[in-house]
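Please look over the model shown here together with the notes that accompany it.

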Amino acid sequence: MGRAFVYVILGGGVAAGYAALEFTNKGVSNGELCIISEEPVAPYERPALSKGFLLPEAPARLPAFHTCVGANEERLTPKWYKEHGIELILGTRVKSADVRRKTLLTAAGETISYKYLIIATGARALRLEEFGVSGSDAPNVCYLRDLADATRLVDVIQTSTGGNAVVIGGGYIGMECAASLVINKINVSMVFPEPHCMGRLFTPKIANYYEEFYKTKGVNFVKGTVLSSFVFDPEGKVTGVNLKDGTYLPADLVVVGIGIRPNTSLFEGQLTLEKGGIKVNSQLQTSNSSVYAVGDVASFPVKIFGETRRLEHVDAARKSARHAVAAIMEPDKTTDFDYLPFFYSRVFSLSWQFYGDNLGEVVYFGDFSGTSFGAYWVHKGQLVGSFLEGGSKEEYEAIAKVTRLKPVIEDLSELERQGLDFVVAL
Ligand code: FDA
Ligand code: NAD
């Protein structure tokens, strides 16, 4: 049994939704395109899962956050796909791929063939077992990658009001979930091995601002240590966690956010990998010319830095997906993918954006005891990265625009003196 399509998108996440929109913009015909997704729902804006989805009042629920609402584009509901002749093959895991034969085999035993394949399989959450700790399957230990995880987390939150949560990991999931748990009136302890939160991006000074803010909301930080074991009740529910430094923390709920691994396994040995992802060129094309890779799973050349990177953020997923479709449909008109990395987060009343690279010397500006401040990174005499908390739309646009220009910085103290005026003036 089998079906044949001209274009197949493997994976039904953020990148898949934006790719579908671009396919329709470029004029795909009825029945030419399908999306195969393990998830039972049409592509949605994954960032909502750690934010609006977890709110106690008026939480976000599908269909409200199907792609492409995140970029104020059309909202692609299942009806939209039907109207545009795009086949959604949902609740279907692809278990093997043969790029030479141009076929995918689903867990249900169907062979799906393609002329062009876009790999948009994203990533999976790392599990504690991979760090030698068991207990991930306990009913109140929660991960957060997809809608099923988020639905389960909401159920556990609802039975934990007034109780204690332990958040393992001080990255994006840890920070955003900790804020959501506080809003749900749960006491939160955050545990992570680094000396400060958001170690991959924040400097100690920036991290300190957020940690102090979280402390005013009652969050307890336990830094420089990791989980060593869970304590269970007779039903197998976690009641507490033991940390390597000897601390014991009681827990009604545990959220784990300790990083991800890109879903590359179907293609290992068939396509070239780099930096943990599927290596693509500036057209998002893999080492096989019929296969493209986008989003979290793709390692692509970031032209402005002159090196290959794999990014785990929604803006990169949206833009790489659209670019790959343009490259497939209009190869002669499509220039190189020239992407400026953009990361952001929103928690409590706070909101920050970052553009570029966090490399080199750091120059701070603004009021770190107030509500708006920022930082520039200067590497080899050029401004390469900008961070801003509490900015206006125009200010965020200005830091993005100037970071892309990589202006030469001769005098760091002059940059510090000018602060945000530096980008506004340029
Ligand atoms: P994505 O993970 O979205 O989709 C992959 C899809 O492929 C899934 O549907 C999966 O089921 C499917 N799949 C995988 N293997 C398959 C197989 N073998 N067969 C069939 N289907 C398969 N970023 C940001 O910039 N700002 C933010 O605020 C947030 N917030 C945020 C919150 C939460 C809770 C998460 C988990 C992540 C974020 N992110 C984020 C990151 C952002 O969501 C992420 O970068 C994008 O979702 C990546 O999009 P992709 O389409 O590449 O993968
Ligand atoms: P992350 O890489 O942001 O953070 C992982 C954290 O895990 C590290 O900061 C570290 O503190 C911690 N850690 C590592 N090993 C540990 C261990 N053994 N014990 C305890 N802690 C350990 O990953 P994440 O927070 O899990 O996020 C998952 C993915 O979701 C990422 O790709 C992220 O970009 C994405 N995401 C992004 C946003 C956003 O951009 N606003 C929001 C949510 C999720």
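What follows is a report on the surroundings of the ligand and on the contacts between rings.

## Basis of the model

This is a predicted model, in which local features need pLDDT of at least 70 and side-chain atom pairs count only at pLDDT 80 or more, while totals for chains, interfaces and linings use all residues. Residues are numbered from 1 along each chain as its sequence is written, chains are lettered from A and ligands numbered from 1 in the order in which they are written, and side-chain values use heavy atoms, with hydrogens and water left out.

## Surroundings of ligand 1

Ligand 1 is surrounded by 34 residues, a residue being counted as near if one of its heavy atoms lies within 4 Å; the closest are Glu-39, Arg-46, Lys-51, Arg-145 and Asp-296. By class, this shell has 14 nonpolar, 11 polar and nine charged residues, where Ala, Val, Leu, Ile, Met, Phe, Trp, Tyr, Cys and Pro count as nonpolar, Asp, Glu, Lys and Arg as charged, and the others, Gly among them, as polar. At least two residues of the shell come from each of helix H1 (14-26), helix H4 (172-183) and helix H6 (314-329), helices being DSSP runs of H or I with at least four residues and strands being runs of E with at least two, numbered from the N terminus.

Polar backbone atoms also approach the ligand: one of Ala-15 is 2.8 Å from an oxygen atom of ligand 1, and one of Glu-38 is 3.0 Å from a nitrogen atom of ligand 1. The protein covers 93% of the 1000 Å² of accessible area that ligand 1 has on its own, with areas taken from the Shrake-Rupley method with a 1.4 Å probe.

## Aromatic pairs

The structure holds 31 aromatic pairs, that is, rings of Phe, Tyr and Trp (its six-membered ring) whose centres lie within 6.5 Å, with planes under 30 degrees apart counted as stacked, over 60 as edge-to-face and the rest as tilted. The ring centres of Phe-300 and Tyr-339 are 6.0 Å apart and their planes stand at 75°, so this pair is edge-to-face. The pair links distant parts of the chain, with Phe-300 in strand E22 (residues 298-302) and Tyr-339 in the loop between H6 and strand E24 (342-347).

Phe-342 and Tyr-355 have ring centres 4.7 Å apart and planes at 5°, so they are stacked. Both Phe-342 and Tyr-355 are buried, meaning under 20% relative accessible area, against over 50% for exposed and in between for partly exposed (1.4 Å probe, protein chains only).

How values were computed
Polar contact = N/O pair within 3.5 Å; in protein donor to acceptor, adjacent residues only side chain to side chain.
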